[in-house]
Amino acid sequence: MRRWIPLVTVAALAAASWGGSGRAQASPALGKLHYLTEEYRPYNFTGEDGKPSGLAVELLHLVWQKTDTPPQEISMLPWARGYYLLTQKPNAVLFSTARTEARDPLFKWACPIGYAEIVLMGLAARNIQLGKLEDAQRYNIGAVRTDVGEQLLLNGGFDEQKIMAANRLSQALRMLTSGRVDLLSSNKTPLQELIKAQQLDPAQFKVAWVLSSEQFCFAFSHPVDDELVKEFQRGLTQVLASEAFQRLQHKYFPAP
């Protein structure tokens, strides 16, 4: 399991490694990439105005400003569709994407957007007790198709017949609340946000196991030129070290 590091600390160290605080020099090709995302509060979601919103979306706009890249269209898609396009299109960027060991060699990366705690969550009334991860293999588990929650289970040797895949996190949550599955494998923060958005009682849910902690990143199709990814990373690194990003964090993750 990867250790958690405060994002502000990462940004400060990264900025020091790049040196300087001026604007990154960008290629016009940054404006020719196809940007893909999904409904995954608070990182990316459709706002009240019908446009993509969220911490990762606003972060991307700041990177575009830093690299003198005109604002681009962002496509909101079910995760499985976006992930498929990332593997097939030569110029796609998918976010927010958990950078796991299995995914790492498949794509190119600009990091971090944030950090994800991937958990198995159940209903508190069921009080499912797991002494070790293998104990979860006897339960039916819901997950979003091709999401990190599903892939961690498959990579861990779980029986695919006991993993019930949904197209969206909202569908997977309904599977849990209706009793179709015993546990739900997902990122803890968006899951908690969805529970609140659907006006469900958070006390009705209980984390049974923490599967992993992963970086959230911008994932680029493998054919994207290395130098282009580096240009994007330079812009991202400078934004992460800025006061504008600190304000974004406070906006979407307000202090208690």
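Reply: One definition is needed before anything else: a residue counts as buried under 20% relative accessible area, as exposed over 50%, and as partly exposed in between. The model is a predicted one.

Start with the sheet itself. In general, the strands of a sheet pair through backbone hydrogen bonds, either parallel or antiparallel. Here 8 strands make up an open sheet with mixed pairing, and their order is 4-1-5-10-6-9-7-8. The edges are taken by strand 4 (74–76) and strand 8 (163–166); each has a single partner strand, so one side of each lacks a neighbour in the sheet. From one strand to the next the twist averages 25 degrees.

A parallel part of the sheet is found at strand 1 (residues 34–37) and strand 5 (residues 92–98), which pair over 3 bridges. Within this pair of strands, Leu-36 stands opposite Leu-94 of strand 5.

Now look at strand 6. Of its 16 residues, 14 are buried, so the strand is mostly covered. Strand 6 pairs with strand 10 in the antiparallel sense over 13 bridges, and Met-121 has Val-207 of strand 10 as its bridge partner. Strand 6 also pairs with strand 9, again in the antiparallel sense, over 4 bridges. There, the bridge partner of Val-119 is Ser-186 in strand 9.

A disulfide is a covalent bond between the sulfur atoms of two cysteines. The structure has 1 disulfide, and it joins Cys-111 to Cys-217, with 2.0 Å from S to S. Because Cys-111 lies in strand 6 and Cys-217 in strand 10, the pair ties together parts that are 106 residues apart in sequence. The torsion about the S-S bond of Cys-111 and Cys-217 is about 110 degrees, which means that the disulfide is right-handed. Cys-111 has a relative accessible area of 11% and is therefore buried. Cys-217 is buried as well, at 0%.

Aromatic rings come last. A pair of aromatic rings is described by the distance of the centres and the angle of the planes. There are 10 aromatic pairs in the structure. In one of them, the ring centres of Tyr-43 and Phe-253 are 5.9 Å apart and the planes are at 55 degrees, so this pair is tilted. Tyr-43 is in the loop between strand 1 and strand 2 (45–46), while Phe-253 is in the segment after helix 8 (243–252), so the pair links parts of the chain 210 residues apart. Tyr-43 is buried, with a relative accessible area of 4%, whereas Phe-253, at 35%, counts as partly exposed. Another pair is Phe-107 and Trp-109, with centres 6.0 Å apart and planes at 75 degrees, so it is edge-to-face. Both Phe-107 and Trp-109 are buried. Finally, Tyr-43 and Phe-253 belong to one aromatic cluster together with Tyr-40 and Phe-216.

Key
Residues are numbered from 1 along each chain as its sequence is written. This is a predicted model: local features need pLDDT of at least 70, side-chain atom pairs count only at pLDDT 80 or more; totals for chains, interfaces and linings use all residues. Side-chain values use heavy atoms; hydrogens and water are left out. Two strands pair if DSSP finds at least two bridges between them. Helices (H or I, at least four residues) and strands (E, at least two) are DSSP runs, numbered from the N terminus. Axes are lines fitted to C-alpha atoms, for helices over the stretch in contact, and angles run from 0 to 180 degrees between N-to-C directions. A disulfide is a pair of cysteine sulfur atoms within 2.5 Å. Buried means under 20% relative accessible area, exposed over 50%, partly exposed in between (1.4 Å probe, protein chains only). Rings of Phe, Tyr and Trp (its six-membered ring) pair if their centres lie within 6.5 Å; planes under 30 degrees apart count as stacked, over 60 as edge-to-face and the rest as tilted.
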